[in-house]
Amino acid sequence: MELLCPECLGALESPDGRSARCLTHGGQFEILFARHPLPLPQRNAGIPPPLLAAGATCLQHPSVTAAYACASCGSPICPVCDFAQADGSHLCPGCAQRAAAYPPVLMPQAQLPAGVHCVQHPHLQATGQCKICGAFMCGTCAFDLPGGIKMCPVCATTPQTSLSPKRKKMLIGSFVLAVWCTLVMGALMGGLFQNMVTDKASENAFGYLITLILLIPSIIGLALGCSSMDRRLPNTIAMWIATVWNGLILAGFLLLMVIGLMKGG
């Protein structure tokens, strides 16, 4: 995964996956998080490997004469500390551990239409779109969150105080169904439907009707209330009211069903 400097868009080099240095102007940066493991810096093929100084001793075992120089950091290492690589080079234990922890990663190709550019860097091709505001971003601007969610720097650093249109629709739908189910439950408890049940056939038909106009709407309302919540974002008291409201109606209806079955038995 290529790292770009946020100041000059030059290449960044990360020795440990926690900090990075700009190869253009030397600026130092801290890596807050990365969804993909960061690759270990690769040596330029034109640069000769580090040479082992005459009489050098192992960095880990000062009493032992070094046999190799680490191809990554140049530290002298003895045969015990040596991690031989397939290309014939040698790594010290620290560099070998980082190489195993941060293998090279191939980033998936962006699927955005050609000609779409980053909002912050208009001269760069966009690689993603913000989940919150829909702004297009380049690889430098994108904040990659778990689940494949991408956010722009503004949305990632600004607390989300307002509900997204999708969450608003689910919340409104949950409230509408809660009000509807409350009216139906009130009519049921008030005996407005008792004249509809005259025989076994009408009783079965009434059961199907109540299922359609009360049981299913209450389940959908409860599901919409739960779906409007997001543990990564603030959840308003209205969401809890709608969710609990539908849940109580559903629980009350199921309780009435159990009581009816017990009386019928």
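Modeller: Helices (H or I, at least four residues) and strands (E, at least two) are DSSP runs, numbered from the N terminus. The model is predicted: local features need pLDDT of at least 70, side-chain atom pairs count only at pLDDT 80 or more, and totals for chains, interfaces and linings use all residues. Residues are numbered from 1 along each chain as its sequence is written, and side-chain values use heavy atoms, with hydrogens and water left out.

Colleague: Where does serine 218 lie?

Modeller: Under that definition, helix 4 spans residues 200-227. Serine 218 therefore belongs to a DSSP run, namely helix 4.

Colleague: Is serine 218 buried or exposed?

Modeller: Buried means under 20% relative accessible area, exposed over 50%, and partly exposed in between (1.4 Å probe, protein chains only). Because its relative accessible area is 1%, serine 218 is buried.

Colleague: With which side chain does the side chain of serine 174 make a polar contact?

Modeller: Serine 174 is found in helix 3 (residues 165-189). A polar contact is a pair of N or O atoms within 3.5 Å; within protein, one must be able to donate a hydrogen and the other to accept it, and residues adjacent in sequence count only if both atoms are side-chain atoms. At 3.1 Å, the partner of serine 174 is the side chain of asparagine 246.

Colleague: Is valine 244 buried, exposed or partly exposed?

Modeller: Valine 244 has its place in helix 5 (residues 237-264). Because its relative accessible area is 44%, valine 244 is partly exposed.
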